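Welcome, and please have a look at the structure below. We will walk through a few of its helices and charged pairs together.

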Amino acid sequence: MVIYGSRTSFRICVIVVSISTLIGIILGGIAGYFGGIIDEILMRITDVFLAIPYLILAMAIAAALGRSIDHIMEAMIIVWWPTYARIMRGQVISIREQQYVEAARSVGASNIRILFRHIFPNSFAPLLVEITLDLGAVLLVAAGLSFIGLGASPGTAEWGLMISSGRTYMFQAWWYVTFPGLAILLVVLGFNLLGDGLRDVTDPKLRR
């Protein structure tokens, strides 16, 4: 059952992080590249989301949408994209004045081509580290929402819901909560170690 539940938990992680990253890349890239009023509007919207603790905001949205896997994914996507937008904006601002970008402008390359051909591919290293770390964070939040009754519907094979359902029988059947809990612990630890390793590889300051 724990192994079967991994399908649901990993699906939530991959979908939430993938869509959040895509939204963040697009909005952060546009804000960083064009600047001005576009940057101000997009970053103020981002700041509003970042000002609210992400767990509380995710709980509020999930409670408003109702209990289901799709709804917690929607709630977490709404909560998660601003971080990627901020990272992407910073990367684009630092890259847009590079010589190869100026060279592309001088030969008449369109803004879309510059963004997708020159800026986005060279901005992905910090995002890759954040993605890896966020996979574990999303798993924890999704399990927490299911545990308190805001996530997966009853009968769904999901680790947080398994722990919530098994806590009643914790002393009679300890394995109901132990094995899903261990699965969450090991997966989150694995993602965090992978993220730390990628950060060490991609950060030139740490390689000196």
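Which residue forms a salt bridge with E102?

## A pair in helix 5

In this predicted model, the partner is R105, with the closest N and O atoms 2.9 Å apart. R105 and E102 sit three residues apart in helix 5 (residues 99–106), about one turn of the helix. An α-helix has 3.6 residues a turn, so residues three or four places apart point the same way. R105 is partly exposed at 29% relative accessibility, and E102 is partly exposed too, at 35%.

Elsewhere, salt bridges with shared partners link E40, R44, D47 and R86 into one network. Within this group, the side chains of D47 and R44 meet at 2.8 Å, N to O. D47 and R44 are three residues apart in helix 2, which puts about one helical turn between them. D47 has a relative accessibility of 27% and is partly exposed; R44, at 40%, is also partly exposed.

Searching the whole structure gives five salt bridges. One of them joins the side chains of D39 and R89, at 2.7 Å from N to O. Because D39 belongs to helix 2 (residues 36–51) and R89 to helix 4, this pair ties together parts that are 50 residues apart in sequence. D39 is buried, its relative accessible area being 10%.

## The course of helix 4

Helix 4 covers residues 69–95, and its 27 residues should span 39 Å at 1.5 Å a residue. The end C-alpha atoms are 38 Å apart, which agrees with that expectation. Helix 4 also has a kink of about 30 degrees at I78, shortly before the proline P82.

Methods:
Residues are numbered from 1 along each chain as its sequence is written. This is a predicted model: local features need pLDDT of at least 70, side-chain atom pairs count only at pLDDT 80 or more; totals for chains, interfaces and linings use all residues. Side-chain values use heavy atoms; hydrogens and water are left out. Helices (H or I, at least four residues) and strands (E, at least two) are DSSP runs, numbered from the N terminus. The expected span of a helix is 1.5 Å times one less than its number of residues. The bend at a residue is the angle between axes fitted to the seven residues ending there and the seven starting there. A salt bridge is a side-chain nitrogen of Lys or Arg within 4 Å of a carboxyl oxygen of Asp or Glu. Buried means under 20% relative accessible area, exposed over 50%, partly exposed in between (1.4 Å probe, protein chains only).
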